[in-house]
Amino acid sequence: MNAKHTTLAIEAAALLDRLGVDPAARTGGSLIARSPVTGEETGRLPFASVADAEAAILTAEAAFKAWRVVPAPRRGELVRLLGEELRAAKAELGRLVSIEAGKSVSEGLGEVQEMIDICDFAVGLSRQLYGLTIATERPGHRMMETWHPLGVVAVITAFNFPVAVWAWNAALALICGDAVIWKPSEKTPLTALATQAIFAKAAKRFGQVPEGLAQLLVGAGDIGAVLVDSPKVALVSATGSTRMGRIVGPKVAARFGRSLLELGGNNAGIVCPSADLDMALRAIAFGAMGTAGQRCTTMRRLFVHESVAAELVPRLKKAWASVTVGNPLTSQALVGPLVDGAAYDAMVGALEAARAAGGLVTGGERVTDIAPDAHYVRPALVEMPAQVGPVLEETFAPILYVMTYSDFDAVIEAHNAVGAGLSSAIFTTDLREMEMFLSAAGSDCGIANVNIGTSGAEIGGAFGGEKETGGGRESGSDAWRAYMRQATNTINYSRDLPLAQGVVFDIG
């Protein structure tokens, strides 16, 4: 089907026109963009070549050398203008996110709001790139640390948050003095084009932005390989699967580059005897079913204390059976589509494996009366006898594995007994359980919540996780340090030259 003849293609083209995207950038190419909402083709984009990527790196290197000497508060002004342009384009870009990623209208708008929020955060941060004054043992000396721009930053993003993750990285990298090259997911290239056009508007208003300060490369894995392998790329920030991270991490490390990895998340919740079950029910439902289970922070495992399981599990099954599944653009449905057929096949395979391991499956059926070329499914709740088989792996789909427990220490061990360590949650009103979960002996995840679900992180806190999640941190807190290099400085303002540690070296 020709993209220009489909309903969503027409709407997407109109949105891209309003956002200032050149039609030549989205037509006539061999990369076919499709909306998971209906399966319709929405554009055909030209692929960037390896030569394009190599040229982009050289241009970015030159841009970095010019940008790094611009005062940080002035760099913050560019990000402030980007935030203004995003505010003006929020409705159009949010709608495009919903079309291309299959998100509900509110989630599409919410993703753009995340971009705006991180711009606001970064603008303030541009005046707070603080170092330390350090006590020195040598009289007449001063010791301090300073932070300097790092270099070219490659940002490789996934389909599920097609624009927010770029903003998390780009807003901080730009105020830190770096240049940015973005390789978006091949599943969501149109939103990347739109975001790049919005940045161009901010850059034009700013004036004197070095050419190539923020570039976009729409391409396949060969483009990512160029960015990963180039010694001129100081930092590779990559969001995706653990499998991808196992490739990217060693390659970047082999050339002594830096990597910031945001990988898998087999996230869990624990429901304790004292939990507010009404609150827990809502939090679990959104955590497990929101964005059709396609968030890095989606709740995938649930441990329920045996004393409340008989009350909570039937309520969960009722919620799973009654939740609305539908077109996120034309209905108020809470669950939209999976991104594509491969995601659906992975879900089917995981449920088959769960049944083979003794799991009792509620839901999980494909819904075919919404759009025959799309992949809508009912969320699946699977009561498992133990944490085995597919429970130990992340499946990017709306599957929640439910297990019961009796001993708190044992459930903490079970909670931590998976490869990934991104997000976690406990539902309790017991202070001791709460504090134990948050302690060094509790959750081993980068995000540990109490009485809220695993999803819905705010930009003020650093986002990321441990173990197979990669160890990277993006967004708030002191995540800015990943985009800078640290120098320790010692200044001697005396007329003597005392050495540290009492070392004597007298040549006179």
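**View 1. Three strands form an open sheet in the order β3-β4-β23, with antiparallel pairing.** Because β3 and β23 stand at the edges with a single partner strand each, one side of each is left without a neighbour in the sheet. The model is predicted: local features need pLDDT of at least 70 and side-chain atom pairs count only at pLDDT 80 or more, whereas totals for chains, interfaces and linings use all residues. Residues are numbered from 1 along each chain as its sequence is written, and side-chain values use heavy atoms, with hydrogens and water left out. Strands (E, at least two residues) and helices (H or I, at least four residues) are DSSP runs numbered from the N terminus; two strands pair if DSSP finds at least two bridges between them. Strand β3 (residues 133-134) is joined to strand β4 (residues 141-149) by two bridges in the antiparallel sense, and Thr133 has Met144 in β4 as its bridge partner. The two strands β3 and β4 form a hairpin with six residues between them, and Gly140 in the turn has a positive phi of about 70°. Among the partners in β23 are Thr490, which bridges to Met143, and Arg485, which bridges to His148.

**View 2. An open sheet of seven strands has the order β12-β15-β16-β11-β10-β18-β19, and its pairing is mixed.** At the edges stand β12 (360-363) and β19 (447-450), each with a single partner strand, so one side of each is left without a neighbour in the sheet. From one strand to the next, the twist averages 20°; axes are lines fitted to C-alpha atoms, for helices over the stretch in contact, and angles run from 0 to 180 degrees between N-to-C directions. Four bridges join β12 to strand β15 (residues 380-383) in the antiparallel sense, and Leu360 has Glu383 in β15 as its bridge partner. Helix α10 (residues 277-289) packs on the sheet, touching (contact means heavy atoms within 4.5 Å) β10 (267-271), β11 (299-305), β16 (399-405) and β18 (423-427). The direction of α10 makes about 155° with that of β11. Helix α13 (residues 408-416) also packs on the sheet and touches β10, β11, β16 and β18, its direction making about 170° with that of β11.

**View 3. Aromatic pairs number five in this structure.** Rings of Phe, Tyr and Trp (its six-membered ring) pair if their centres lie within 6.5 Å; planes under 30 degrees apart count as stacked, over 60 as edge-to-face and the rest as tilted. The ring centres of Trp166 and Trp182 are 5.2 Å apart and the planes are at 25°, so this pair is stacked. Trp166 belongs to helix α6 (residues 164-176) and Trp182 to strand β6 (residues 179-183), 16 residues apart. Trp166 and Trp182 are both buried, a term for under 20% relative accessible area, with exposed over 50% and partly exposed in between (1.4 Å probe, protein chains only). The rings of Trp168 and Phe463 have centres 5.0 Å apart and planes at 50°, so this pair is tilted. Trp168 lies in helix α6 and Phe463 in strand β20 (residues 462-463), so the pair ties together parts that are 295 residues apart in sequence. Both Trp168 and Phe463 are buried.

**View 4. Lys103 lies over the face of Phe161, and 3.4 Å separates it from the ring centre.** A charge sits over a ring if NZ of Lys or CZ of Arg is within 6 Å of the ring centre and within 35 degrees of the ring normal. Arg366 lies over the face of Tyr344, at 5.2 Å from the ring centre.

**View 5. Gly224 is located in helix α8 (residues 221-229).** Its relative accessibility is 9%, so Gly224 counts as buried. Beyond residues up to four places away in sequence, Gly224 touches Ile156 and Lys183. The C-alpha atoms of Gly224 and Ile156 are 7.4 Å apart, although 68 residues separate the two along the chain.

**View 6. The structure contains zero disulfides (a disulfide is a pair of cysteine sulfur atoms within 2.5 Å).** Cys176 is in no disulfide, and the nearest cysteine sulfur, that of Cys119, is 13 Å away. At 0% relative accessibility, Cys176 counts as buried. For Cys272, the closest cysteine sulfur is in Cys445, 15 Å away and too far for a bond. Cys272 also has 0% relative accessibility and counts as buried.
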